Amino acid sequence: MERFTRRRILGGAALAGGALIAAPLLAACGSTPAPSSTPVSAKPTEAPRPASEAKPTEAPKPTEAPKPAVTVAPKPTEAPKPTAAAKPAKSKEPVTLRFHMRGGGDKSEPAIYVQRPDEWAQETGNKYKLEPIVGDYVGKLLALAAGNTLGDITFTTELANAHSRFVKAGILQPVDDFLGPYNVKKTEWQKGIVDALTYDGKLYGLPKCGHPGDAYIWINLKMFDDAGIKRPETYGNSFEDVATWASKLAKGPKDNREVYGYYVNVEGVQPITNAIRSRGGDIIDEKGLISLADTEPWFEWAKWNNQLMTVDKVHPFQQAMGGMDLAGIFAAGKLAMIHQQRSTERAVKLAVKDKFPYTTIQFPRGPKARGWAISINTHTGTTQSKHKEETFTLSYALADRRFAYLVAKEQGYLTGRVDNMDAIKELASDHFLQLQYKCEQEGEMMWRPKNLRAAELETAIKNHMDLLWLGKRQLDKAFMGELKQQLDQILAKPE
Amino acid sequence: MASVAKAASASRGFRGGIDPLGEIKSMSAARRREALQGYLFIAPWVIGFLSFTFYPMISSFWYSFNDYKILTPAVWVGLRNYLYAFTGKPLGADGDPLFWLSLLRTLTWGVVTVPLAVFGALLTAVLLNQAARGTSIYRTCFFLPSLTPGVAAILLWTWILQPQIGVFNSVIKAATGLQGPNWLGSMEWALPSLAMISLWSAVGGSRMIIFLAALQGVPKEVYESAKVDGANAIQSWWHITVPLITPAIFFNLLLGIIGSFHVFTSAFVATGGGPAYATYFYALHLYNQAFKSFDMGYASALAWILFVIIMAFTLVQIKLSDRWVYYEAAR
């Protein structure tokens, strides 16, 4: 009998190992059909036309060089009676849906990614499998799509125009065909949200939320009381009011504050958009082709910020906070007011606990104010899914009244439904939820550059305006003209 | 056997050269089996290299001549991506306005950090080469920062460099009564702050280990004979130690310069490239083009431009090394 030598064993193992490695590689390199849907030319719908005058803000008059469309906040009406959506029937053959979401979501948002999907699974008899994506979500999702290994349903966000990009690339499934059979109406959600998700007349995705971004200011009421300042109303405060309070509440010498008066939010394009829209302007024109950086609202915004940051010095620079979160510095009594978005509420609640009374007020809205910039998150079916109907029922389960209740209870925010306040039942008395609802009603779709280069625009705006906030340049026409030139150059790039 | 191989090689036209096919055929069965086993053993690495390094390199080179957005087919554009990079401000108005700026930032970074890192590591190695008590503990302490994960270290440093209550400014204020700078929030101090963070881990890391090994490789007899000849400590250092460790200096310098072109994590985590582009490095610009704008074609072009720049620097250094690097084995 031939000897079974060590050499033969090692050789056999190497052969087996090489085959194990080569086989999946060859399988992965095998030709698979590209996504079958034709990419949609994602022409966003036009900005909503004015329906009626809003209260308490007045309808904005057209400004000089009126590039953006004139819009008004819709009149806050009573929520329509909720229509009963048809319950999804139990599937004849249960399927398992692959569900992409941001890593850690099952731990940080269990109501969204565990509880509600479990309820859906019980109702329909189907299953779901969470496939969290850690790190660069959009990049990895695109890579999955390119490799034709995308799941059935995915979280999307319009940050950096990601959702629009997915729509244009043909990897997201429109839901219009399922709305009728399931008795789901677009009017279940705020108009600004539906507009933001509509491309070429089709609705791509159902909203997880469509919040108005940085529309809120958290204020330390104890500081107001100690300084003898009348506690502000929730609505109707002016920019002058906020600036005055910030100056009065700041303590210590200007170059070495012990307490800062106000956090000026210039760290993202959404707070900047809201601040400029509050003054009647916008970042780019309606067609997404030219920037409006040289218009009056921009100057007003920059001048107001500059006063607070470089003259009054009531603002703690983001970089200056050295990793300390805003909620922490607020809870420590080192910052009197924070301009931020909804997720700050939870952080502030956890940080402050019962140390001092605080509340939230609406960010000031000038007489020419436009709608808040809606920030969209969705759970949308993909075109690569073989289970389109099941995917729709899951995405609706993550956008319906029950979902709205669970999210409000666990996360403390609304989901953009018109009947949100009715859906969240006993939670409707919460002050911050009421404020959110009001702002959602005043929402308007976020600007969208034609070439979807929002991330580049954001980088240019932040870095150019840093020169002003750091006192390196003066605010003048030349300064804003340079910014406009940079932004126009980006907008002129191909998609 | 060799003459048979040569004859076979000549018959196929391989004049004077080696004909691998002929060689294999002329091998004995045992030798062929041995050769095959060798190839099988290196096959996993070769497959991995071809799949995950070589193929992506070739692909990115191809994509650098295309307009490619991942989910849409690549469109051939020739040299447009490269021209777009080179014709930006200040050389032109239509090109990439951030190409030359990011390259300048990166070169500045290299000029500042590489000499400091190399010199700092050498100095640390010299200190740790002393026969003093507790040297092994000191070596461990110096080496530990290099083991800290990059992102965690940078986050820690953003706390330390906090202008109002961070450790640095608190010490400065306590010692001098002066308010320290805004560090990461200042255009003037942002890049030096990141450099400081980088040097904190670079000085005691692998460079130091390499220098330590090189210092310990210098024969003691040379020092002794120099001492006999009347050389003092500085003369011994300059005329004996430094020449004999030039290979290590060259190695660290070479790798340091190559590494300096890749600076990314600190800017990405701590400053985002700001304030006002003060820390907007080339690798960060490349990342933004690839993963924020999804301009994969242009990002590929940037990557290949970087490759050429690094290769040029490396070749120049290698060429110049003949003048100052002393290899004992070459004597």
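How many residues of chain B are in contact with chain A? The count is 34 residues of chain B against 39 residues of chain A, where contact means that two C-beta atoms, placed from the backbone, lie within 7 Å. Before going on, some bookkeeping: this is a predicted model, so local features need pLDDT of at least 70 and side-chain atom pairs count only at pLDDT 80 or more, while totals for chains, interfaces and linings use all residues. Residues are numbered from 1 along each chain as its sequence is written, and chains are lettered from A and ligands numbered from 1 in the order in which they are written.

Back to the contact side of chain B. Helix 3 (29-63), helix 7 (150-160) and helix 14 (282-291) of chain B are the elements that give two or more residues to the side touching chain A; helices (H or I, at least four residues) and strands (E, at least two) are DSSP runs numbered from the N terminus. Helix 3 of chain B gives the most, with 7 residues. By type, that side of chain B splits into 19 nonpolar, 14 polar and 1 charged. Here Ala, Val, Leu, Ile, Met, Phe, Trp, Tyr, Cys and Pro count as nonpolar, Asp, Glu, Lys and Arg as charged, and the others, Gly among them, as polar.

Now chain B as a whole. It has 15 helices and 2 strands. Its radius of gyration is 27 Å, well over the 20 Å that the globule rule gives for 331 residues, so chain B is more spread out than a compact globule. That radius is taken over C-alpha atoms, and the rule is 2.2 Å times the number of residues to the power 0.38. The C-alpha trace of chain B spans about 90 × 70 × 35 Å along its principal axes. An automatic or database domain assignment gives domain 1 (2-63) and domain 2 (99-330) in chain B, with C-alpha centres 41 Å apart.

The loop between helix 13 (265-271) and helix 14 of chain B deserves a zoom. Pro275(B) lies there, and the peptide bond from Gly274(B) to Pro275(B) is cis, with omega near -5 degrees. Ala276(B) is found in that loop too, and has a positive phi of about 55 degrees although it is not a glycine. Is Ala276(B) buried or exposed? Buried, because it has 21 other C-beta atoms within 10 Å; the cut-offs are 20 or more for buried, 12 or fewer for exposed, and partly exposed in between, with C-beta atoms placed from the backbone.

Over in chain A, Lys313(A) also has a positive phi of about 55 degrees without being a glycine. Lys313(A) is partly exposed, with 19 other C-beta atoms within 10 Å.

Finally, the packing. The largest nonpolar core has 161 residues, and Trp218(A), Ala246(A), Tyr262(A), Phe330(A) and Met337(A) have the most contacts inside it. Such a core is a set of buried Ala, Val, Leu, Ile, Met, Phe, Trp, Tyr and Cys residues joined through C-beta atoms within 7 Å. Helix 18 (residues 454-469) of chain A gives the most to this core, with 8 residues. Apart from it lies another core, of 18 residues, including Val114(B) and Leu212(B).
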